[in-house]
Amino acid sequence: MSEKSQGKVLQEELTHKWDNIWEVMEATEEEKVFEFAEGYKEFLNRGKTERESALEIVRIARENGYISLEEIIEKGTKIEPGMKIYAVNKEKAVVMFVIGKECLTKGMNIIGSHIDAPRIDLKPNPLYEDGELALLKTHYYGGIKKYQWVSMPLALHGVVIKSNGEKVNIVIGEDENDPVFFITDLLPHLAKDQVAKKLGEGITGEGLNIIIGSIPYRDKELNEKIKLNVLKLLNEKYGIKEEDFTTAELEVVPAGKARDVGIDRGLIAAHGHDDRVCAYASLKAILEIDTPQKTAVALFVDKEEVGSYGNTGMHSMFFENVVSELIELTTESYSELKTKRALANSRVLSADVCAAFDPNYPEVLDKRNAPFIGKGVTLVKYTGVRGKAGCNDANAEYISEIRRIFNENNVVWQIGELGKVDQGGGGTIAFILANYGMEVVDCGVPVLSMHAPYELVSKSDVYMTYKGYKAFFNA
């Protein structure tokens, strides 16, 4: 074999190429990738709404020895390093802690994700009858392409609060014997005017009306007999009446389970990868943390897709309040200053997905700076929109620290941004946590078809994200 030329040696020393995980991974680790993916698919199937995801996270946490903060306060339990604690916010957000050896005021290693996803919600007065059909009025949640939600089987998830205060959980459309729901579209023969419109105007928000029934109640003297028959069936099964819709929280999502994609089964198609893929990776990572130097925190919040507002979003005081409670329990005396120190001294991975390079749409991405499917967990220095507006722009020192952690732990990673400079942009919870003075960088799984009813991720990226998060918790 001939010796390498001086130029070749220099090129190998000075240039960098992002690896494809499948090419550099050991065969034994490849088995772990596929095993990890099966657990993730089950998590997705069990949690298709933020409520269901929070419930599943709590179930898994308790199975792994986590104790609720409420129990600790009530019993006066002394908190020791290695203790595993969780807290829940309004059944829609969860935070998990593994108490570290250092005082909380020295800061925490936090991974923050969100468990809400783009979907369609029912309006407060949804049920009506028209054209010999019973339908439901809706209002979409988050950034969706409305035309993607028509002509596909849909499922109904949520809770209804009855007049007597009883809470009824509803899931219709997920069992293979369940009926599903449907939003119609125009046949091509009559769609001349529709197809002449801009893509985003072909289906309107007010046009996302869901078919829920078609058989009338047998009584010739009544009006709206199909609507009445739907109410009758709902009352027989769930004991609810039409007025109960006004106090309900019902969400419409694609029906069906997460599925493998490709003859090699390397990808997963599912609803809600954004951002439950990062949530699951951080959940699995923190479950494997014992007694870290710094307290490890996995934070799962709601409302990110609509700006992180509301009492379950990242803008709420929930996380700060829980940290204050822990300061009270772990120090000799509580002070607001101690809480501020704990937050300001913390490091964060804002665990959110990023847009992967799509060969079908290369014109919107800078190929030299786009993350790729199969090339690992992705650091995103900044998001925002044109001119980085509204972004958290992580500093060089912190990104270098994360790079070191990943490299030392054999984590395959890449770096990218969200599209071409003037093409668009987005946001995460990063800037909200940065307001406390924390070091924050976005770090998550690259996704294809983001915000579509079904999104696509690589099993290898999911696994490598988990591996990266675990290394961060232990750093």
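Contact here means heavy atoms within 4.5 Å. Keep that cut-off in mind on this tour of a predicted model.

**Stop 1: G143**

Select G143. This glycine sits in the loop between strand 6 and strand 7 (154-161). Now show its contacts. Leaving aside neighbours within four places in sequence, G143 touches P118 and H451. G143 and A452 lie 309 residues apart in sequence, yet their C-alpha atoms are 9.2 Å apart in space.

**Stop 2: K137**

Step back into strand 6 (residues 133-141) and pick K137. Display side chains. The side chain of K137 makes a polar contact with the side chain of N209, at 3.2 Å. Then widen the view to the surroundings of K137. Residues up to four places away in sequence are not counted here; beyond them, K137 is in contact with D121, L122, K123, P126, Y128, E206 and N209.

**Stop 3: helix 8 and helix 4**

Select residues 273-287, which form helix 8. Helix 8 has 15 residues. From first C-alpha to last, helix 8 reaches 20 Å, close to the 21 Å expected at 1.5 Å a residue. Helix 8 is mostly covered, with 14 of its 15 residues buried.

Angles under 35 degrees count as roughly parallel, so helix 4 is roughly parallel to helix 8. Which residues meet? On helix 4, pick E50, S53, I57 and I60; on helix 8, pick R276, L283 and L287. The residues of this contact between helix 4 and helix 8 divide into four nonpolar, one polar and two charged.

**Stop 4: helix 11 and helix 13**

Move on to helix 11 (residues 396-408) and helix 13 (residues 459-474). Their axes come within 9 Å and cross at roughly 110°. Angles of 65 to 115 degrees count as roughly perpendicular, and helix 11 and helix 13 are therefore roughly perpendicular to each other. Show the side chains where the two helices meet. Helix 11 contributes Y398, I402, I405 and F406. Helix 13 contributes G468, A471 and F472. How do the residues of the contact of helix 11 with helix 13 divide? Six are nonpolar, one is polar and none is charged.

Terms used:
Residues are numbered from 1 along each chain as its sequence is written. This is a predicted model: local features need pLDDT of at least 70, side-chain atom pairs count only at pLDDT 80 or more; totals for chains, interfaces and linings use all residues. Side-chain values use heavy atoms; hydrogens and water are left out. Axes are lines fitted to C-alpha atoms, for helices over the stretch in contact, and angles run from 0 to 180 degrees between N-to-C directions. Helices (H or I, at least four residues) and strands (E, at least two) are DSSP runs, numbered from the N terminus. Angles under 35 degrees count as roughly parallel, over 145 as roughly antiparallel, 65 to 115 as roughly perpendicular and the rest as oblique. Ala, Val, Leu, Ile, Met, Phe, Trp, Tyr, Cys and Pro count as nonpolar, Asp, Glu, Lys and Arg as charged, and the others, Gly among them, as polar. A polar contact is a pair of N or O atoms within 3.5 Å; within protein, one must be able to donate a hydrogen and the other to accept it, and residues adjacent in sequence count only if both atoms are side-chain atoms. The expected span of a helix is 1.5 Å times one less than its number of residues. Buried means under 20% relative accessible area, exposed over 50%, partly exposed in between (1.4 Å probe, protein chains only).
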